[in-house]
Amino acid sequence: MGSAETVEFTGYAESVKTALDAVQAGEVLRGKTQILIKPNLINDSPPPITTSVRCCEAIIEYARLHTDARIVIAEGCGAPGMGTREVFERLGYQALARRKNIELVDLNNAKTICLKNPSLTAFPVIHLPEIVFSHFLISVPVLKAHSLADITGSLKNMIGLAPPKHYQRRGHWKKAAFHNDVQQAITDLNTYRAPDLTLMDASVGMAEYHLGGPHCDPPVRKLVAGTDAREVDRTAAELLGLDWHTIGHLC
């Protein structure tokens with residue numbers, strides 16, 4: 001178990017470095033050979049509904065100060081009728097990949113492995129991308145309230161790993177199977193694969209709903225970092241004025 005550190009947001013370049021330094025991320029990253037950055041790109045809506053490309057760029061620059069690891073950005077968008085590649089393009093990630101010489105991976109179509117844990121109730125069997133087990137996983141969510149899960153943070157961001165081939169239901173959201181008993185589903189998923197490091201963008205915040213509605217007013221103007229995703233999300237819940245003790249996947 002680790003703690004979460006919160007820093008003031010003044011801009012991505014400086015604040016990302018401050019937040020990651022606060023959790024000694026440089027030491028954590030040292031010696032890593034493969035890093036996967038997982039933003040929240042549920043659809044092609046601009047930030048703060050999705051993760052800012054500038055935030056991920058600052059993480060790449062930080063990582064390259066401390067390691068020679070091969071870096072990829074990976075996501076599997078959730079919106080029906082929309083492809084991850086077009087989301088990458090519309091939100092500036094294709095341009096970032098060219099500029100920083102990194103690879104973009106569509107997790108919705110990546111090679112998967114099947115894992116089993118009979119003690120789990122929501123997903124005793126699960127299919128997840130092989131790449132997320134071979135890479136050091138950095139989760140980069142944004143601060144948002146959620147209509148089903150109360151908050152969408154680093155732990156819920158892992159739903160983007162789930163391949164639609166197994167978890168889309170009747171043409172709805174590509175990860176719709178996780179909406180059944182969503183609190184337990186998030187818990188089970190993170191039992192199989194939780195983030196190794198989290199940098200949450202709470203510079204603005206979505207106050208009521210993860211796909212629209214009002215921004216936090218005033219903007220939260222924070223970044224939250226940590227090696228324990230649950231602690232990051234607990235801190236994030238408090239930033240939204242929520243009691244994390246009442247949120248199933250954070251208890």
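These notebook entries record what I looked up in the predicted model shown above.

**Entry 1. Ground rules**

I number residues from 1 along each chain as its sequence is written, and my side-chain values use heavy atoms, with hydrogens and water left out. Because the model is predicted, local features need pLDDT of at least 70 and side-chain atom pairs count only at pLDDT 80 or more, while totals for chains, interfaces and linings use all residues.

I take helices (H or I, at least four residues) and strands (E, at least two) as DSSP runs, numbered from the N terminus. I call a residue buried under 20% relative accessible area, exposed over 50%, and partly exposed in between, using a 1.4 Å probe and protein chains only.

**Entry 2. Helix H1**

Which residues of H1 are buried? In this helix, residues 12-22, I found Tyr-12, Ser-15, Val-16, Ala-19 and Leu-20 buried. They lie on the same side of H1, because they cover an arc of only 130° around the axis; the arc is that of the directions from the helix axis to the C-beta atoms.

I then looked up what these buried residues pack against, and noted strand S1 (4-8), helix H2 (25-29), H3, S10 and S11. Contact here means heavy atoms within 4.5 Å. After H1 comes Gln-24, with a positive phi near 55°.

**Entry 3. Strand S2 and its partners**

I next examined S2, where 5 of the 6 residues are buried. The chain crosses from S2 through H3 to S3, and I recorded this β-α-β crossover as right-handed. The term applies if, with the strands pointing away from the viewer, the path from the first strand over the helix to the second runs clockwise.

Strands pair if DSSP finds at least two bridges between them. S2 pairs in the parallel sense with strand S3 (residues 70-75) over 4 bridges, and Ile-37 has Ile-73 of S3 as its bridge partner. S2 is also joined to strand S7 (residues 136-140), in parallel, by 5 bridges. There, Ile-35 stands opposite Phe-136.

**Entry 4. Cis peptide bonds**

Where are the cis bonds that I noted? One runs from Pro-47 to Pro-48, with omega near 15°. Pro-48 sits in the loop between strand S2 (34-39) and helix H3 (53-66). Another runs from Asp-217 to Pro-218, with omega near 5°, and Pro-218 belongs to the loop between strand S10 (197-206) and strand S11 (222-226).

**Entry 5. Positive phi outside glycine**

I looked up Asn-101 and found a positive phi near 55°. This residue lies in the loop between helix H5 (93-100) and strand S4 (103-106), and it counts as exposed at 68% relative accessibility.

Asp-150 also has a positive phi, near 75°. Its place is in strand S9 (residues 150-152), and at 33% relative accessibility Asp-150 counts as partly exposed.

**Entry 6. Thr-84**

Is Thr-84 buried or exposed? Thr-84, in helix H4 (residues 84-90), counts as buried at 2% relative accessibility. Its side chain makes a polar contact of 3.4 Å with that of Asn-108. A polar contact is a pair of N or O atoms within 3.5 Å; within protein, one must be able to donate a hydrogen and the other to accept it, and residues adjacent in sequence count only if both atoms are side-chain atoms.

Leaving aside neighbours within four places in sequence, I listed Glu-75, Gly-76, Cys-77, Asp-106 and Asn-108 as in contact with Thr-84.

**Entry 7. Cysteines**

How many disulfides does the whole structure hold? My search found 0, a disulfide being a pair of cysteine sulfur atoms within 2.5 Å. For Cys-56, the nearest cysteine sulfur is that of Cys-55, 5.7 Å away. Cys-56 counts as buried at 0% relative accessibility, whereas Cys-114 is partly exposed with a relative accessible area of 42%.

**Entry 8. Helix H10**

Among the buried residues I noted Glu-231, Asp-233 and Arg-234. What covers the buried residues of H10 includes strand S8 (142-146) and helix H7 (154-157).

At the start of H10, a side-chain oxygen of Asp-228 reaches to within 3.0 Å of the backbone nitrogen of Arg-230. Gly-241 follows H10, and its phi is positive, near 80°.
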